[in-house]
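Welcome! Take a look at the sequence and the 3D view below, and then we will walk through them together.

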Amino acid sequence: VGGYHWCDPIPGPAYWYKQADHFLRAVDTWKPSVLAMDVEQWWSSWTYIDKQHILSSARILDNAIFIWDYIKARSDLPLMVYTARWFSAGYCPLLGNWIGDKPAWIADYYFYGSQYPNPMHIDAAALAALIPDVLADPINKPTGVTNIVMRQFESRIWLDGTAHNYDMSIWLADDDMFYEWFGLQPPGPTLEQRVTRLEQLAHTHGG
């Protein structure tokens with residue numbers, strides 16, 4: 001399980017530690033394995049979320065830097081930054097360069113702009129069949145980002161047996177990193193793999 005924090009640059013910088021502490025208290029309570037901070041807030045008012053109330057790029061970036069540094073100084077859990085190219089290009093051009101080689105979770109929707117229904121009802125087999133196409137699809141990443149570990153590729157998919165559509169993400173870094181981050185053990189070999197291995201050993205020993 002991962003812990004997720006929405007970065008809010010609206011309060012004055014002197015108060016940013018409060019939201020970081022609030023997140024870290026939740027981390028202490030729920031014991032997640034991985035942490036993520038979401039940087040995509042452009043509005044400067046929760047009362048008026050419109051194009052007349054926009055945060056400065058510097059304010060957004062300063063908040064992200066503060067939250068990252070504050071969490072990293074107080075937790076040894078893996079931390080990644082969630083954002084998207086539309087946000088960095090439109091509201092915080094220097095964000096991608098700051099993220100650089102930090103672990104990044106990038107939102108880039110596979111069906112964006114398509115005529116597929118929203119929500120889109122599919123079963124598990126159809127979702128599995130979609131994954132190779134998603135993996136082959138180039139990511140529209142923020143300029144400067146070099147280390148994408150996960151991609152949020154859709155929000156419209158409503159998987160059979162669930163209550164509504166969910167955001168869907170796919171892991172892109174190597175398997176060893178996944179198991180290390182989430183504190184999991186790699187799955188053992190399948191029956192087919194074990195049989196193949198035995199056949200190889202038998203052949204090697206003249207069987």
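## Cysteines without a bond

There are zero disulfides in this structure, a disulfide being a pair of cysteine sulfur atoms within 2.5 Å. In general, a disulfide is a covalent bond between the sulfur atoms of two cysteines. C7 takes part in no disulfide, and its nearest cysteine sulfur, in C92, is 11 Å away.

C7 counts as buried because its relative accessibility is 2%. C92 is buried as well, at 0% relative accessibility.

## How the model is read

This is a predicted model, where local features need pLDDT of at least 70, side-chain atom pairs count only at pLDDT 80 or more, and totals for chains, interfaces and linings use all residues. Residues are numbered from 1 along each chain as its sequence is written, and side-chain values use heavy atoms, with hydrogens and water left out.

## Salt bridges

Side chains of opposite charge can pair when their charged atoms come close. How many salt bridges does the structure hold? There are three, each being a side-chain nitrogen of Lys or Arg within 4 Å of a carboxyl oxygen of Asp or Glu. D108 forms one with R151, with 3.3 Å between the closest N and O atoms. This pair links distant parts of the chain, 43 residues apart: D108 sits in the loop between β4 (104–107) and β5 (120–122), while R151 is in strand β6 (residues 148–154). Helices (H or I, at least four residues) and strands (E, at least two) are DSSP runs, numbered from the N terminus.

R151 also forms a salt bridge with D137, the closest N and O atoms being 2.8 Å apart. Here too distant parts of the chain are linked: D137 lies in the loop between α5 (124–136) and β6, 14 residues from R151. R151 is buried, because its relative accessible area is 1%, whereas D137 is partly exposed, because its value is 25%. The remaining bridge joins the side chains of R156 and E154 (3.4 Å, N to O), and both of these residues are buried. Through shared partners, salt bridges join D108, D137 and R151 into one network.

## A covered strand

Strand β3 (residues 79–83) is mostly covered, with five of its five residues buried. In a regular strand the side chains alternate between the two faces of the sheet. In β3, L79, V81 and T83 point one way, M80 and Y82 point the other way, and all are buried.

Strand β2 (residues 34–38) pairs with β3 in the parallel sense over four bridges; pairing requires that DSSP finds at least two bridges between two strands. Within this pairing, A36 stands opposite M80.

## Along helix α5

P132 lies in helix α5. Is P132 buried, exposed or partly exposed? P132 is partly exposed, because its relative accessible area is 48%. The C-alpha atoms of P132 and Y166 are separated by 19 Å, and the two residues are 34 residues apart along the chain.

Key:
Buried < 20%, exposed > 50% of the residue type's maximum accessible area, 1.4 Å probe, protein only.
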